[in-house]
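Here are a few quick comments after looking through the model.

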Amino acid sequence: MPTKPLYGALLAALLGTSAQAASLDIQGSGLHQEHHCSGEDVSIAGNANQIVLRGTCGSVLVQGWDLQVTLDKARTLRVNGANNQVRVDRTAGLNVEGSGNQVRATLAAGEPPAQVEVTGAEHLLDLHFNGPARVSLGGMEHRLDWHGQQPEIEVSGVRHQIDRW
C-alpha cells in the first residue's frame with residue numbers, strides 16, 4: 001500500500017521533467033546539420049560548421065570560428081569567436097563578442113526593449129529594428145548598418161561606422 005503514493009510521485013516527476021524543454025548541444029568540426037527547435041536552448045561550438053535551426057529556439061550560443069548559422073527565431077542570441085556568419089529572422093537580444101563576426105538580425109521586442117551589446121573588434125552587423133531597442137557598441141572598428149525603428153545607441157571604443165539605410 002505505501003508504494004502507490006511513491007509510484008504516483010515518481011510518475012508526476014517524470015511527466016514534469018519531460019514537459020520541460022531540453023537543451024541542444026552541437027559540437028564538432030565541418031558539420032552540416034539542420035535541427036528543429038521547440039523552445040529549447042541551443043549551444044553550437046566548433047569550427048567550419050554549417051547549422052540551420054528551424055522553429056523557435058530559447059537562448060542560442062554560437063561559439064567558435066568560421067561557423068555559418070541560420071535560425072528562424074531565438075529568445076536571445078550570443079555570438080562569440082572569430083569569422084562567424086550568423087543570420088536570425090527574429091530575436092529580442094543580441095550579444096556579439098570576439099572579432100570579425102558577421103550578423104544579420106531582426107530585433108523585435110516590446111517592453112523591455114530589444115538589447116544589443118557588441119564588444120571585440122571588426123564585426124559587421126546588419127540589423128533591422130522592429131520595435132524599441134537599445135544598442136551598446138564597444139570595442140573597435142565595428143560596422144553597424146541598420147534600418148527600421150530608431151534604436152537608442154551608446155558608443156564607446158574607436159573607429160566604428162554606423163549607417164542607417
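1. Is Arg 78 buried, partly exposed or exposed? Bear in mind that this is a predicted model. Arg 78 comes out partly exposed, with a relative accessible area of 35%.

2. Arg 78 also pairs up with Glu 97 in a salt bridge, with 2.9 Å between the closest N and O atoms. Glu 97 sits in the loop between strand E7 (93-96) and E8, while Arg 78 is in strand E5, so this pair ties together parts 19 residues apart in sequence.

3. Ten salt bridges turn up in the structure. Another one brings together the side chains of Arg 104 and Asp 126, at 2.9 Å from N to O. That pair links distant parts of the chain, with Arg 104 in strand E8 and Asp 126 in strand E10, 22 residues apart. Asp 126 is buried, at 17% relative accessible area.

4. Then there's Glu 152 with Arg 134, whose closest N and O atoms are 3.5 Å apart. Here strand E13 (residues 152-155) supplies Glu 152 and strand E11 (residues 133-137) supplies Arg 134, 18 residues apart. Salt bridges with shared partners also join Glu 34, Arg 54 and Asp 72 into one network.

5. On to the largest pocket, at about 160 Å³. Arg 104 and Asp 126 are among the residues lining it. Strands E5 (68-82), E6 (85-91), E8 (102-107) and E10 (124-129) each give at least two lining residues. By class, the lining has five nonpolar, four polar and three charged residues.

6. Finally, the largest nonpolar core has 35 residues, and Leu 127 is one of those with the most contacts inside it. Residues that Leu 127 touches include Leu 94, Val 103, Leu 144 and Trp 146.

Technical notes. Residues numbered from 1 in each chain as written. Predicted model: local features only at pLDDT ≥ 70, side-chain atom pairs only at ≥ 80, totals over all residues. Heavy atoms only, no water. Core = buried A, V, L, I, M, F, W, Y, C linked by side-chain atoms within 4.5 Å. Buried < 20%, exposed > 50% of the residue type's maximum accessible area, 1.4 Å probe, protein only. Contact = heavy atoms within 4.5 Å. 1 Å grid on protein atoms, 1.4 Å probe; cavity = no way out; pocket = protein on both sides within 12 Å on 5 of 7 lines; lining within 4 Å. Points joined across faces, edges and corners; volume = space filled by probe spheres on them. Helix = DSSP H or I, 4+ residues; strand = E, 2+ residues; numbered from the N terminus. Nonpolar A, V, L, I, M, F, W, Y, C, P; charged D, E, K, R; others polar. Salt bridge = Lys/Arg side-chain N within 4 Å of Asp/Glu carboxyl O. Lists of a residue's contacts leave out its neighbours within four places in sequence.
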